[in-house]
Amino acid sequence: MLETVVVEQVKVPKKIDHIGIAVNSIDEALPFYVDQLQLKLLGIEEVSTQKVRVAFLKIGEAKLELLEPLSEESPIAQFINKRGAGIHHVALAVDDIEDRLNELKQNGVRLINEKPVPGAANAQVAFLHPKSALGVLYEFCEKK
Ligand code: ZN
């Protein structure tokens, strides 16, 4: 009985790692986040797999991830064109991302990334399809 509980605990996402927010321009968005909300900027980097520039802001144990498209083919550019800037995804910190993806796939959950891809901050990331997640785009994120 105890063993079952322990095994299931391992699979539970550990926390909300970050919330992704699509912005037209990080430079234009930062004054609001830093000067008005008073959040601390942790860093800015480019993520070539997603054709975006990202800025992380610390908020407790979690972060906000501002996503600026670097090209019109970026999924973020397509998102902004369709729906405007705003909340884009919720990232859950998980262990054993590949096992979790395989399990979801076996259970019929649609995935955007069936294998993890390199994300920001040296994490391995994968997105679940919002059609299988009641309209929310979830990202799994595993830090090495
Ligand atoms: Zn993210």
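This is a predicted model: local features need pLDDT of at least 70, side-chain atom pairs count only at pLDDT 80 or more; totals for chains, interfaces and linings use all residues.
The zinc ion is held by four residues: His18 and His89 each contribute NE2, while Glu65 and Glu139 each contribute OE, at 2.0 to 2.2 Å. The angles subtended by the four donor atoms run from 81 to 166°, and the arrangement is therefore irregular. A tetrahedral assignment would require all angles to lie between 85 and 135 degrees. For reference, the ideal angle for four tetrahedral donors is 109.5 degrees.

Along the sequence, the donor residues follow the spacing H-x46-E-x23-H-x49-E. Distant parts of the chain are linked by the pair His18 and Glu139, which are 121 residues apart. His18 belongs to strand 1 (residues 15-22), whereas Glu139 belongs to strand 8 (residues 138-143). His18 has a relative accessibility of 2% and therefore counts as buried. Glu139, at 4% relative accessibility, is likewise classed as buried; the cut-off for this class is under 20%.

## Strand 7 and its partners

Strand 7 covers residues 123-127, and four of its five residues are buried, so the strand is largely enclosed by the rest of the structure. On one side of the pairing scheme, strand 6 (residues 117-118) runs antiparallel to strand 7 and is joined to it by two bridges. Within this pair, Val117 stands opposite Val125 of strand 7. The hairpin formed by strand 6 and strand 7 has four residues between the strands, and Ala121 in this hairpin adopts a positive phi near 55°.

Strand 7 also pairs with strand 8, again in an antiparallel manner, through five bridges. Here Gln124 lies opposite Glu142 of strand 8.

## The largest pocket

The largest pocket has a volume of about 690 Å³. Its lining comprises 35 residues, and those nearest the centre are Pro75, His88, Ile112, Phe127 and Leu137. Two or more lining residues come from each of strand 1, strand 3 (52-59), strand 4 (62-69), helix 3 (75-83), strand 5 (86-93), strand 7 and strand 8. Helix 3 supplies the largest share of the lining, with six residues.

By residue class, the lining of the largest pocket consists of 20 nonpolar, nine polar and six charged residues.

Technical notes
Residues are numbered from 1 along each chain as its sequence is written. Side-chain values use heavy atoms; hydrogens and water are left out. Donors are N, O and S atoms within 2.8 Å of the metal (3.2 Å for Na, K and Ca); water is not among the atoms, so sites may look incomplete. Four donors count as tetrahedral if all angles lie between 85 and 135 degrees; four count as square planar and six as octahedral if opposite donors are over 155 degrees apart and all others between 65 and 115; anything else is irregular. Buried means under 20% relative accessible area, exposed over 50%, partly exposed in between (1.4 Å probe, protein chains only). Two strands pair if DSSP finds at least two bridges between them. On a 1 Å grid over the protein atoms alone, a cavity is a set of points where a 1.4 Å probe fits but cannot get out, and a pocket is an open set with protein on both sides within 12 Å along at least five of seven lines; lining residues have an atom within 4 Å of a point. Grid points are joined across faces, edges and corners, and a volume is the space filled by probe spheres set on the points. Ala, Val, Leu, Ile, Met, Phe, Trp, Tyr, Cys and Pro count as nonpolar, Asp, Glu, Lys and Arg as charged, and the others, Gly among them, as polar.
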